[in-house]
Amino acid sequence: MASSVSSMVSTTLLLITICTLSSLLSVASAATEEGRTRPFKRVYAFGDSFTDTGNTQNAEGPSGFGHVSNSPYGTTFFNHSTNRYSDGRLVIDFVAEALSLPYLPPYRHSKGNDTFGVNFAVAGSTAINHLFFVKHNLSLDITPQSIQTQMIWFNRYLESQDCQESKCNDFDDTLFWFGEIGVNDYAYTLGSTVSDETIRKLAISSVSGALQTLLEKGAKYLVVQGLPLTGCLTLSMYLAPPDDRDDIGCVKSVNNQSYYHNLVLQDKLQEFRKQYPQAVILYADYYDAYRTVMKNPSKFGFKETFNVCCGSGEPPYNFTVFATCGTPNATVCSSPSQHINWDGVHLTEAMYKVISSMFLQGNFTQPPFNFLLGKKERVG
């Protein structure tokens with residue numbers, strides 16, 4: 001009897017040991033896998049509605065697009081609205097996937113869910129401080145946030161972390177993703193006496209100040225998106241006269257705003273590369289990536305370049321500013337993946353996926369994104 005009990009105890013102990021070893025091996029394997037597949041431990045993102053993952057809800061949205069909490073926003077991937085201005089994922093979501101990280105929570109709703117980063121981007125945000133638009137009587141019914149607001153949020157977030165100052169500002173394993181910002185600045189001054197040159201100068205100055213703040217804090221890996229091909233957005237096509245067109249059929253004057261803005265931005269980034277040689281600063285060429293798609297949309301699976309998937313109105317745009325996506329009179333297409341434009345201002349998940357691939361695997365960042373990853377791997 002004693003021998004039998006002893007045998008049972010030995011067997012039980014052996015099973016416990018095996019289970020424990022198995023668990024430890026699984027944990028070690030998972031840790032090894034995580035270390036191998038996650039070049040960065042966290043991402044901090046900034047920008048406007050092209051990058052916002054939920055800091056804006058219906059009542060806070062920019063003029064004419066205050067219905068982001070309603071269906072059919074988000075239905076392609078999330079099956080419900082996540083307050084993203086698209087039918088699904090954005091570029092920043094595909095970036096998170098590529099880095100094997102969870103989707104970034106919006107700052108305003110990130111409490112207890114910020115282990116892998118936070119998204120400070122907010123729809124309607126401008127590069128220039130909101131007071132500028134108030135001064136010029138251009139502040140009616142637009143969101144008051146600017147890139148300065150997002151930097152204030154970022155500083156508050158760092159201060160709220162339970163860590164020493166040096167540890168909070170240790171960004172060796174952090175990727176800063178600076179989504180496009182500045183489109184709203186030009187849009188809000190449409191029809192005013194404020195010149196494009198004034199907006200460009202003030203916007204670049206403001207963005208440069210924010211980037212320099214991050215670099216001074218110790219940011220080592222930074223991706224900065226330029227402005228997209230804004231003249232190809234349905235809203236631009238809807239508002240501009242028919243004779244204002246470029247070689248790919250988009251609004252020439254609006255695309256020129258983005259083009260010259262991006263040239264100045266790239267010059268500024270080159271200055272920063274010299275000033276902060278320890279940092280890897282990438283320019284993500286949203287303009288040329290978008291233009292490449294527009295020159296041969298069928299190559300990327302698109303059939304509709306200007307006709308919005310979600311909206312209302314007559315052909316060829318299915319768009320009117322009086323009944324935008326999310327309102328009762330708006331309809332949604334059956335194949336969002338065949339459309340570039342989602343709601344007239346924002347793009348479909350399919351387009352964001354193409355653009356993100358061009359950034360992450362293509363040649364539309366300078367230097368290439370793989371250069372950044374290689375530098376991170378070498379430095380550790």
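Helix α4 (residues 147-160) packs against helix α7 (residues 196-217) in this predicted model, with the two axes 9 Å apart and an angle of about 20° between them. Helices here are DSSP runs of H or I with at least four residues, numbered from the N terminus, and axes are lines fitted to C-alpha atoms over the stretch in contact, with angles from 0 to 180 degrees between N-to-C directions. α4 is therefore roughly parallel to α7 (angles under 35 degrees count as roughly parallel, over 145 as roughly antiparallel, 65 to 115 as roughly perpendicular and the rest as oblique). The crossing of this pair is left-handed, a term used if the near helix is turned anticlockwise from the far one by less than a right angle, with clockwise giving right-handed. On the α4 side, Ile-147, Gln-148, Met-151, Phe-154, Asn-155 and Leu-158 make the contact, and α7 contributes Ser-206, Ala-210, Thr-213, Leu-214 and Lys-217 (contact means heavy atoms within 4.5 Å). Six of these residues are nonpolar, four polar and one charged; Ala, Val, Leu, Ile, Met, Phe, Trp, Tyr, Cys and Pro count as nonpolar, Asp, Glu, Lys and Arg as charged, and the others, Gly among them, as polar.

Next comes the pair α10 and α11. The axes of α10 (residues 286-295) and α11 (residues 349-360) come within 10 Å and cross at roughly 120°, so the two helices are oblique to each other. Their crossing is right-handed. Tyr-286, Ala-289, Tyr-290, Thr-292 and Val-293 of α10 meet Met-351, Tyr-352, Val-354, Ile-355, Met-358 and Phe-359 of α11. This contact comprises 10 nonpolar residues, one polar and no charged.

Residues are numbered from 1 along each chain as its sequence is written. Local features need pLDDT of at least 70, side-chain atom pairs count only at pLDDT 80 or more, totals for chains, interfaces and linings use all residues, and side-chain values use heavy atoms, with hydrogens and water left out.
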